[in-house]
Amino acid sequence: MRATLRRVLSLFAALALAGGGLLAVAPTAAADVTYVPDDWNGKVIYLSQACHDRGDTVCHTNTGCDGFSENVNARWVAGSAAAQHGTARLNLLERGYKVIRGNGLARSNIANSNRAGADLHVPIHSNAINKACETGYSKDRYGTHVLYVSSAGKECAQIMKTRVGASSPGTNDSRRYRTDLGELNQTNAVACYLEMEYHVWNRGVQWMRDRSGWSWRIALSVDEYLGYP
């Protein structure tokens, strides 16, 4: 299974290097990945990795500077936040959470999150202003955005914006109310939708790729929101 996943991710990366804009590839056949801690605190966190279905059956990815793929990076960030070892900061597994990483189309991840009885649903994405890698930018044009629709999601979004945004290079960090996204409206769990940074400027791309340096902030945000169960 791991070898298959590596081959799929390599395919994503190769396609992403082909150029900017929107790419479409077949969705991965891999099932969701579940991590169960030795001492479970009773809470389930569903990390929904970016996969834009655009109403069809194909997984689309957005590309940015230096061949950056939103989908591929979201997968690595989710894995890092869930169970990366070897750092001084605690990941979700080490904090006692059962973690499920969604490997499918958005609608599949919503259904699987609901089926699993998740306590918090966290879509992981990156942002864009346009399809090109921008030059002549200012850091106040970019930053971490966290989307929400419910009052509980608003609280989670504020925490995640503060914790993750403190590390991201852009300074335009914000929480944003949205009503047009299925992963906010259709999950039984409170949804806290993370747009890590913008992938259309080089500093944002470099930061997102350095996931070992900051992905623990997702776990910290979850722990703080849920009251350190």
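A word on terms before we start: contact, or covering, means heavy atoms within 4.5 Å. Helices (H or I, at least four residues) and strands (E, at least two) are DSSP runs, numbered from the N terminus. This is a predicted model, where local features need pLDDT of at least 70, side-chain atom pairs count only at pLDDT 80 or more, and totals for chains, interfaces and linings use all residues. Residues are numbered from 1 along each chain as its sequence is written, and side-chain values use heavy atoms, with hydrogens and water left out.

**Stop one: helix H3**

Select residues 106-116, which make up H3, and pick out its buried residues: Ala106, Asn109, Ile110 and Ser113. Buried means under 20% relative accessible area, exposed over 50%, and partly exposed in between (1.4 Å probe, protein chains only). These four cover an arc of only 105 degrees around the axis, which puts them on the same side of H3; the arc is that of the directions from the helix axis to the C-beta atoms. Residues three or four places apart point the same way because an α-helix has 3.6 residues a turn.

What lies over them? Their cover includes strands E3 (44-49), E5 (98-102) and E6 (120-127), along with helix H5 (182-185).

**Stop two: strand E3**

Now select 44-49. Here 6 of the 6 residues are buried, so E3 is largely enclosed by the rest of the structure. Val44, Tyr46 and Ser48 sit on one side, Ile45, Leu47 and Gln49 on the other, and both faces are covered. In a regular strand the side chains alternate between the two faces of the sheet.

Look for Ser48 with its bridge partner Gly102 in E5, then for Ile45 opposite Leu120 in E6.

**Stop three: Asn71**

Jump to helix H2 (residues 70-83) and find Asn71. At 0% relative accessibility, Asn71 counts as buried. A polar atom of the Asn71 side chain lies 3.0 Å from the backbone oxygen of His60. Show Ser126 too: Asn71 and Ser126 are 55 residues apart in sequence, yet 8.8 Å apart in space, C-alpha to C-alpha.

Methods. Pairing = 2+ DSSP bridges. Polar contact = N/O pair within 3.5 Å; in protein donor to acceptor, adjacent residues only side chain to side chain.
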